[in-house]
Every structure is written in structure tokens, then in C-alpha cells.
Amino acid sequence: MNDDAQPMVSRRKLIVAGSASLLLAGCTSDRLFSEGVDTTTTGSIGGGFRPAIGVDSNITTSAQMYVEMVDGGHTLPPVPYKKMDQEFRRQRVINDIGLQTGTILVDTKKHFLYYALSEDELVRYGVGVGKAGFEWSGTAKVGYKREWPVWTPPKEMIERKPILAKYAGGMPPGPDNPLGSRSLYLYADGRDTLYRLHGTPEWDSIGKSMSSGCIRLLNQDIIDLYNRAPIGTQVTVQ
């Protein structure tokens, strides 16, 4: 991540070591670097340069983030980001929740995923989360990662939707695959939780509770997160 020159605001000391509940309770403020200004559009902040929003330091606007892109031999369509609530576009916010550098926090109530760049900065992504009866919360780690993963519906899902039986052996990767362009597999106590952070072609599901429990991001956003978060990254979901 390119740390562009940008004044930082000291974070509040909200975290108590080993207490995930206190950390999660502190998720109440998402002040942007330019309060009252759309940080996902072109322009300057306070007379300075707009901070990068992608791993690629040249990416500073929604128009650049959500363009059509070719990745792994697959073409991802552009995201109609102007149809989305601005708060669910990828953006950099102040780390005033005390999130430890290099860790992930998912706030399922607000539909945000945070990745801590430093003690001062977070990258915030909009997410879609599990619908009623399919929620999951807890602390896990990224056990492994896959680019353009194969999706295999669980037996229980096939029972609910028999049409999915044709994918019992796995749905090939592609833009229409429910796991999208990337998947981060969550493990707890050395075991697969069966929950994932993954991409989705359904851009209009971001900011909603409608999945089968996994945390979904825009395909362009999960690629960005995938490039930031290594195997072993701690993930807390509330």
C-alpha cells in the first residue's frame, strides 16, 4: 500500500488486548479523511492529494476502482457504482476503532468490512452478509486463499434448491460463479468454518443481508482485499 502524504488523526484507545467484544463495540464512527466530501470522486482533500484507495497507488476514484477488468483470463464487467449508496464503495477511513494493523473486522449490522492498514488508517469495503437464520459470528483466520475458486454448493443448499444438484461436483470458475473472483477461507481452531470472504457478481446485494452466511464483496473489492490480506490474517465477524 502506498502511504500517500496525508495528515492523520490519532486513534482513540478503544482496544483492550484479547477483548474482541470491546473492539467490536467500538465500531460506531467511520469518519472519512475528508468529512463531508465524497472521497470516491476526483479532487483534492484539504488542498492535498487524495489518498490511494487500491493496492495500486494510482487508483483513487470509484471510476477507476470499478471499471471492467480482465483477470485470470476472465472479464469482470464494470460495477454501476453510481447506483450504490456511496457508503458502500471502497474508501479509506480513520482507524478510530483501535483495529490492529493487518487484521480484518466485519460489522454485519452496518454491512462493512474493515482492513487495518495501520493504527491510523482503515480500508472500508461494503459487504453483503447472511440473511436471518444464516448469520455467523466469531473470530477466525484466513486458512487459505483461492483465485477464481470452484464453487460447490453444500448438501443442505442442494436440498433447499434441487436445481443446484448439477453443481454437486463443483461449478467452474467464472464471472457468474457465486464465489466470484477470489475467496478467502476462514478457519478456527485449525478447522474449516465453511464460511468465506468472497467476491460476487451481484453488486446490488452489497449492503444487504441475503447470503447463506458468507461475507460477499464486489469482485473488484475482493481482489483488492486478497492482495492485502495474507494467509493467517485474523478475521473477526460480529
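The protein chain has an average pLDDT of 81, and 77% of the residues reach at least 70. Where pLDDT is low, the predicted coordinates should not be read in detail.

Nine strands form an open sheet with mixed pairing, in the order S3-S6-S5-S4-S13-S8-S9-S10-S12. Strand S3 (91–94) and strand S12 (215–218) are the edge strands, each pairing on one side only. From one strand to the next, the twist averages 30°. Strands S3 and S6 run antiparallel and are joined by 4 bridges; the bridge partner of Arg-92 in S6 is Val-123. In a regular strand the side chains alternate between the two faces of the sheet. In S3, Gln-91 and Val-93 point one way, while Arg-92 and Ile-94 point the other way, and all are buried. Elsewhere in the sheet, strand S8 (residues 138–147) pairs with strand S13 (residues 234–237) in the antiparallel sense over 4 bridges. Gly-138 has Val-237 as its bridge partner in S13.

Helix H4 (residues 219–228) lies across strands S4, S5, S6, S8, S9, S10 and S12, and runs at about 105° to S12. Two charged side chains are placed over the ring of Tyr-226. Lys-145 lies over the face of this ring, at 4.1 Å from the ring centre, and the charged end of Arg-182 sits 5.2 Å from the centre.

The structure holds 6 aromatic pairs. One of them is the tilted pair of Phe-88 and Phe-112, with 5.7 Å centre to centre and 55° between the planes. Phe-88 is in the loop between strand S2 (74–76) and S3, whereas Phe-112 is in strand S5, so the pair ties together parts that are 24 residues apart in sequence. Phe-88 counts as buried at 9% relative accessibility, as does Phe-112 at 3%. Together with Tyr-114, Phe-88 and Phe-112 form one aromatic cluster.

The pair of Trp-151 and Tyr-167 is tilted because the planes of the rings are at 55°, with the centres 6.4 Å apart. Trp-151 lies in the loop between S8 and helix H3 (155–160) and Tyr-167 in the loop between H3 and S9, 16 residues apart. Trp-151 is buried, with a relative accessible area of 11%, whereas Tyr-167 is partly exposed, at 21%.

Conventions
Residues are numbered from 1 along each chain as its sequence is written. This is a predicted model: local features need pLDDT of at least 70, side-chain atom pairs count only at pLDDT 80 or more; totals for chains, interfaces and linings use all residues. Side-chain values use heavy atoms; hydrogens and water are left out. Two strands pair if DSSP finds at least two bridges between them. Helices (H or I, at least four residues) and strands (E, at least two) are DSSP runs, numbered from the N terminus. Axes are lines fitted to C-alpha atoms, for helices over the stretch in contact, and angles run from 0 to 180 degrees between N-to-C directions. Contact means heavy atoms within 4.5 Å. Buried means under 20% relative accessible area, exposed over 50%, partly exposed in between (1.4 Å probe, protein chains only). pLDDT is the predictor's confidence in each residue, from 0 to 100. Rings of Phe, Tyr and Trp (its six-membered ring) pair if their centres lie within 6.5 Å; planes under 30 degrees apart count as stacked, over 60 as edge-to-face and the rest as tilted. A charge sits over a ring if NZ of Lys or CZ of Arg is within 6 Å of the ring centre and within 35 degrees of the ring normal.
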